[in-house]
Amino acid sequence: MPKGSRYETWGSARQKQNLNDRALSFVESLQNIADKVGISVTQLSLAWVNQKEYVHGNIIGATTLEQLKEDIDSINIRL
């Protein structure tokens, strides 16, 4: 798990239900797509949400200014 991630910070007990082989495989697939187009998985995910007509806002969980910038920059990505 990435250093400083929510999983590391709050422990596996809180996140255990979400961390399984299926989820990890899905994230790996997203990482492959993001790598091909030169963006982060975060930006890929937010760009997807941003382009849904029925979504009027998304929820971000930035804990650093770098993460906030990455999140904000996702508005300029077209999938």
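# Briefing: the helices and their packing

Apart from neighbours within four places in sequence, valine 41 is in contact with Leu30, Gln31 and Ala34, where contact means heavy atoms within 4.5 Å. The model is predicted: local features need pLDDT of at least 70, side-chain atom pairs count only at pLDDT 80 or more, and totals for chains, interfaces and linings use all residues. Residues are numbered from 1 along each chain as its sequence is written, and side-chain values use heavy atoms, with hydrogens and water left out.

**Overall architecture**

- Along the sequence, the pattern reads α-α-α-α-α.
- The C-alpha trace spans about 35 × 25 × 25 Å along its principal axes.
- Of the 79 residues in the protein, 18% are buried; buried means under 20% relative accessible area, exposed means over 50%, and partly exposed lies in between, with a 1.4 Å probe and protein chains only.
- Considering contacts between residues at least 6 apart in sequence, 47% join residues at least 24 apart.

**Nonpolar core**

- Seven residues form the largest nonpolar core, namely Leu30, Ala34, Ile39, Val41, Leu44, Ala47 and Ile77. Such a core is a set of buried Ala, Val, Leu, Ile, Met, Phe, Trp, Tyr and Cys residues joined through side-chain atoms within 4.5 Å.
- Helix H3 (21–37) and helix H4 (41–50) are the elements that give two or more residues to this core.
- The most is given by H4, with three residues.
- In H4, the buried residues are Val41, Gln43, Leu44, Leu46 and Ala47.
- H3 and H5 are included in what covers the buried residues of H4.

**Packing of H3 against H4**

- Two packed helices are described by the angle between their axes and the distance between the axes.
- For H3 and H4, the angle is about 95° and the axes are 8 Å apart. The axes are lines fitted to C-alpha atoms, for helices over the stretch in contact, and angles run from 0 to 180 degrees between N-to-C directions.
- H3 and H4 are therefore roughly perpendicular to each other; angles of 65 to 115 degrees count as roughly perpendicular, under 35 as roughly parallel, over 145 as roughly antiparallel, and the rest as oblique.
- From H3, Leu30, Gln31, Ile33 and Ala34 meet Val41, Leu44 and Ser45 of H4.
- By class, this contact of H3 with H4 comprises five nonpolar, two polar and no charged residues. Ala, Val, Leu, Ile, Met, Phe, Trp, Tyr, Cys and Pro count as nonpolar, Asp, Glu, Lys and Arg as charged, and the others, Gly among them, as polar.
- Serine 40 sits in the loop between H3 and H4. With neighbours within four places in sequence left aside, serine 40 is in contact with Ala34 and Glu70.

- Aspartate 73 and lysine 69 are separated by about one helical turn, because they are four residues apart in helix H5 (residues 65–73).
- Lysine 69 counts as exposed, at 53% relative accessibility, whereas aspartate 73 counts as partly exposed, at 28%.

**Individual residues and separations**

- Tyrosine 7 is placed in helix H1 (residues 6–10) and, at 23% relative accessibility, counts as partly exposed. Its C-alpha atom is separated by 9.3 Å from that of leucine 19, twelve residues apart along the chain.
- Valine 27 lies in helix H3 and is partly exposed, at 43% relative accessibility. Between the C-alpha atoms of valine 27 and glutamate 66, 39 residues apart along the chain, the separation is 21 Å.
- Serine 40 and glycine 4 are 36 residues apart along the chain, and their C-alpha atoms are separated by 17 Å.
- Glycine 61 belongs to the loop between H4 and H5 and is partly exposed, with a relative accessible area of 34%.
- With neighbours within four places in sequence left aside, glycine 61 is in contact with Arg6, Gln67 and Asp71. Glycine 61 and aspartate 73, twelve residues apart in sequence, are 14 Å apart in space, C-alpha to C-alpha.
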